[in-house]
Amino acid sequence: MSYGSDKMSLWCVFLRIKRFITGKDEKIIVNVAWCDKNFGGSLGSNVPGAVVFTAPTFEALQKEAKESLEFHIEGLMENGEDVPEWLKNGDYEFEYNIIR
């Protein structure tokens, strides 16, 4: 077995353990910035299309991120777009990147 294969095997084991612990495979980066009187957010590049949203508090922005993504996925599927299975199944978690 070559080194590359060993490395890939370890990566597969890591992903299986991570999925077992968190129940999630993918991370969606949410870029967050303060925009005058609201927080503004946008979803990372692993989500097809563009998703942006605003909210008056960080807690509200977290809720808006989830709801906006769900609405976006529904629209993509209704339009016959390719949507990764992990997005359809909700196998993801959000990671917030605060832009200063």
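This is a predicted model: local features need pLDDT of at least 70, side-chain atom pairs count only at pLDDT 80 or more; totals for chains, interfaces and linings use all residues.
Before we start, one term: a helix here is a DSSP run of H or I with at least four residues, and helices are numbered from the N terminus. Thanks for joining me, everyone.

The mean pLDDT of the protein chain is 86, with 77% of its residues at 70 or more. Confidence is highest in helix α2, at a mean of 97, and lowest in helix α1, residues 3-22, at 60.

Four strands form an open sheet in the order β3-β2-β1-β4, and their pairing is mixed. Because β3 (52-55) and β4 (92-98) stand at the edges with a single partner strand each, one side of each has no neighbour in the sheet. From one strand to the next, the twist averages 30 degrees.

Let's look at one pair. Strands β1 (residues 26-35) and β2 (residues 38-43) run antiparallel and are joined by six bridges. Follow Trp34 across to β2 and you find its bridge partner, Phe39. In general, such pairing works through backbone hydrogen bonds.

Next comes helix α2, which lies across β1, β2, β3 and β4 and runs at about 135 degrees to β4. Is His72 buried or exposed? Its relative accessibility is 16%, so His72 counts as buried, the cut-off being under 20%. Leaving out residues up to four places away in sequence, His72 touches Val47, Pro48, Gly49, Ala50 and Val51.

That's my tour, and I'm happy to take questions!

Methods:
Residues are numbered from 1 along each chain as its sequence is written. Side-chain values use heavy atoms; hydrogens and water are left out. Buried means under 20% relative accessible area, exposed over 50%, partly exposed in between (1.4 Å probe, protein chains only). Contact means heavy atoms within 4.5 Å. Two strands pair if DSSP finds at least two bridges between them. Helices (H or I, at least four residues) and strands (E, at least two) are DSSP runs, numbered from the N terminus. Axes are lines fitted to C-alpha atoms, for helices over the stretch in contact, and angles run from 0 to 180 degrees between N-to-C directions. pLDDT is the predictor's confidence in each residue, from 0 to 100.
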